[in-house]
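Visitor: I would like to learn how to read the features of a structure like this one. Where should we begin?

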Amino acid sequence: MVTERKRKVRELDASFNRVQEQVSEEQLRKKRGLFRRLTALAVILVALSVVAFMTIHTQAQLIDEKMEEKTALEAKLEALQLEQVYLEQEIENYNDLEYIAEIARRDYFLAKDGEILFKLPKLSTD
């Protein structure tokens with residue numbers, strides 16, 4: 001029975017086996033190439049994503065710093081505008097002769113001709 005079976009089983013053609021092996025090797029090579037290309041693409045995409053994230057993060061920090069600087073400068077501008085209003089009022093006052101005379105009397109104890117100044121002590125409310 002074993003001998004009958006051996007006769008019925010034929011060996012495949014060697015050229016067919018080689019062709020099938022070449023086809024299978026070609027498919028394996030294509031799969032490896034595809035895997036390599038996809039891996040390279042993934043690495044490039046990850047690198048680009050990291051660069052984009054870092055750029056956005058840096059720009060966000062820069063915007064925050066500029067906003068803080070803007071807020072500080074706006075507060076300084078407001079203080080300077082108030083000082084400008086005060087100084088303009090002072091200029092206007094110092095162009096007024098009556099104001100100058102009042103300052104001279106109060107601070108330097110100067111008096112007009114025929115005028116007598118009396119310095120009274122300040123009363124404490126204790």
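Guide: Begin with a definition: a salt bridge is a side-chain nitrogen of Lys or Arg within 4 Å of a carboxyl oxygen of Asp or Glu. Here the side chains of R29 and E26 meet in such a bridge, at 2.5 Å from N to O. Keep in mind that this is a predicted model.

Visitor: How many salt bridges does the rule give in total?

Guide: The count comes to three. Another one joins E115 and R105, whose closest N and O atoms are 3.2 Å apart. E115 lies in the segment after α3 and R105 in helix α3, so this pair ties together parts that are 10 residues apart in sequence. E115 counts as partly exposed at 32% relative accessibility, and R105 counts as partly exposed at 24%. There is also a bridge between the side chains of D107 and R106, at 3.0 Å from N to O. D107 is partly exposed, with 39% relative accessibility.

Visitor: Let us step back to the fold. Which elements does the protein have, and in what order do they run?

Guide: The protein has three helices and zero strands. From the N terminus on, the order is α-α-α. Helix α2 covers residues 14–94, and helix α3 covers residues 97–108.

Visitor: What span should helix α3 have, and how far apart are its end C-alpha atoms?

Guide: The expected span is 1.5 Å times one less than the number of residues. For the 12 residues of α3 this should give 16 Å, and the end C-alpha atoms are 16 Å apart, which agrees.

Visitor: What does the backbone do after α3?

Guide: α3 is followed by F109, whose phi is positive, near 55°. F109 has this positive phi although it is not a glycine.

Visitor: How much of the protein is buried?

Guide: The cut-off matters here: buried means under 20% relative accessible area, and exposed means over 50%. Buried residues make up 4% of the 126 residues. The accessible surface of the protein comes to about 12900 Å², and 61% of it belongs to carbon and sulfur atoms.

Visitor: Which residues form a nonpolar patch on the surface?

Guide: A patch takes residues with over 30% relative accessible area and no salt bridge, and nonpolar side chains are joined within 5 Å. The nonpolar patch consists of L34, L38, L41, I44, L45 and L48, with about 580 Å² of accessible area together. L48, one of these residues, is placed in helix α2. L48 is exposed because its relative accessible area is 54%, against a cut-off of 50%.

Visitor: And which residues form a negative patch?

Guide: D64, E65, E68 and E69 form a negative surface patch. E69 lies in helix α2. With a relative accessible area of 42%, E69 is partly exposed.

How values were computed. Residues numbered from 1 in each chain as written. Predicted model: local features only at pLDDT ≥ 70, side-chain atom pairs only at ≥ 80, totals over all residues. Heavy atoms only, no water. Patch = residues over 30% accessible without salt bridge, like charges linked within 9 Å, V, L, I, M, F, W, Y side chains within 5 Å. Areas by Shrake-Rupley, 256 points an atom, 1.4 Å probe, with all protein chains shown as cover. Lys, Arg positive; Asp, Glu negative; His and termini not counted. Charge placed at Lys NZ, Arg CZ, Asp CG, Glu CD. Helix = DSSP H or I, 4+ residues; strand = E, 2+ residues; numbered from the N terminus. Buried < 20%, exposed > 50% of the residue type's maximum accessible area, 1.4 Å probe, protein only.
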